[in-house]
Amino acid sequence: MDSDWTTLSREEKRARRFEWYSSTNGIRFDSPEAERAYRVRAQRMIDVYNVREPDRVPVSLPIGSLPVEYAGIDYGTAMYDAEKAAQAWLKFSLETDLDAFAAPNVPVGKVLDLLDYRLYRWPGHGIARDAPGYQFVEAEYMSADEYDALINDPSDFFLRTYLPRIFGTFEPFRMLQSFTAVTELPMVTPHFMAYTRPEVQESLQKLIEVGKTLASWTQVVSTVGRRGRELGFPSFVSCYAKAPFDTIGDTLRGTKGIILDMRRRPDKLLAALEVVAKITIDVTI
């Protein structure tokens, strides 16, 4: 990030992002043709973002799990084998000639296993191994009387109440003291007593293993992403931001719960939406 970033206008920041996107610095292209193709594809996308006429309509699609089927493997295999997933996406990009290269975007199965994730079912974990994707488990993961806890201290609510419900590995976190309460020395030792418990220590060890697993997975995916650039394909650039109503309705209160809340406790719901909206904006930016 440039040191002067905060002093730039919105237009200047946008122009700077396009410079980064089209830059070929550090890319070891397979050939001069690959470098030219990269520049053409990047400029094609930039023209569209700027609402200018491109040389032709760029092809950049939400391809979902299509590369898995195209490569002849199942979704479960892609979730648990980084190399096979990476090769599937590389094969799809090279043989369909899209204008942006997409790295594998499948969830990492071993990470979900380590976390004992309960919000979804995925191939080999609740649904058939050869199922074409994953499924959400609809339920109330926040009760109606917990709105104040979410509104007053969302980080604490997520850490000690919500996460233990959707991740089995986080269940011992119910025993933790609120980090918000740690203000000075007399609070320090009592606050950390929960970390002496074996189940809390085991939970933290699993999180370390999650980190190691993700590091290994990311290394493979990054390698194939770099390979895509070397062959002349810019990366697909995006970020994720969910509507606050959907955050609460999907993964906290559930569809039925939030519909009832619109009638029974609209003020609490609106206050919670403001809290979630701020978090969403901060994280996205």
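This is a predicted model: local features need pLDDT of at least 70, side-chain atom pairs count only at pLDDT 80 or more; totals for chains, interfaces and linings use all residues.

What follows is a chat about helix packing, salt bridges and a sheet in this model.

Q: OK, helices then. How do helix 1 and helix 2 cross?
A: Helix 1 covers residues 10–22 and helix 2 covers residues 32–49; their axes come within 9 Å and cross at roughly 155°. Because angles over 145 degrees count as roughly antiparallel, helix 1 is roughly antiparallel to helix 2.

Q: And is that crossing left-handed or right-handed?
A: The crossing of helix 1 and helix 2 is right-handed.

Q: Which residues meet there?
A: From helix 1 you have Arg 14, Phe 18, Tyr 21 and Ser 22. They meet Tyr 38, Ala 42, Met 45, Ile 46 and Tyr 49 of helix 2.

Q: Switching to charges. How many salt bridges are there?
A: The count comes to 23 salt bridges.

Q: Give me one inside a helix. What does Lys 91 pair with?
A: Lys 91 pairs with Glu 95, with 3.0 Å from N to O. Both sit in helix 5 (residues 82–96), and because they are four residues apart, about one helical turn separates them.

Q: What about Arg 265, what's its partner?
A: Arg 265 forms a salt bridge with Asp 261, and their closest N and O atoms are 2.4 Å apart. Arg 265 counts as partly exposed at 24% relative accessibility, whereas Asp 261 is buried at 0%.

Q: And Glu 199, which residue does it bridge to?
A: Glu 199 goes with Arg 197, at 3.1 Å between the closest N and O atoms. Glu 199 is partly exposed, with a relative accessible area of 28%, and Arg 197 is partly exposed too, with 39%.

Q: Which residues are linked in a network of salt bridges?
A: There's a network that links Arg 41, Arg 44, Asp 55, Arg 56, Asp 97 and Asp 99.

Q: New topic: where does Ser 203 lie?
A: Ser 203 is in helix 10, which spans residues 198–230. At 2% relative accessibility, Ser 203 counts as buried.

Q: So what is Ser 203 in contact with, sequence neighbours aside?
A: Leaving aside neighbours within four places in sequence, Ser 203 is in contact with Thr 169, Phe 170, Pro 172 and Phe 173.

Q: And helix 11, which residues are buried there?
A: In helix 11 (residues 244–251), Thr 247, Ile 248, Gly 249 and Thr 251 are buried.

Q: What do those pack against?
A: The buried residues of helix 11 pack against helix 7 (147–152), helix 8 (154–166), helix 12 (254–264) and helix 13 (266–284), plus strand 3 (135–136).

Q: How many bridges join strand 1 to strand 2?
A: Two bridges join strand 1 (residues 120–123) to strand 2, and these strands run parallel. Pro 123, for instance, has Ile 127 in strand 2 as its bridge partner.

Definitions and conventions: Residues are numbered from 1 along each chain as its sequence is written. Side-chain values use heavy atoms; hydrogens and water are left out. Buried means under 20% relative accessible area, exposed over 50%, partly exposed in between (1.4 Å probe, protein chains only). Contact means heavy atoms within 4.5 Å. A salt bridge is a side-chain nitrogen of Lys or Arg within 4 Å of a carboxyl oxygen of Asp or Glu. Two strands pair if DSSP finds at least two bridges between them. Axes are lines fitted to C-alpha atoms, for helices over the stretch in contact, and angles run from 0 to 180 degrees between N-to-C directions. Angles under 35 degrees count as roughly parallel, over 145 as roughly antiparallel, 65 to 115 as roughly perpendicular and the rest as oblique. A crossing is left-handed if the near helix is turned anticlockwise from the far one by less than a right angle, and right-handed if clockwise.
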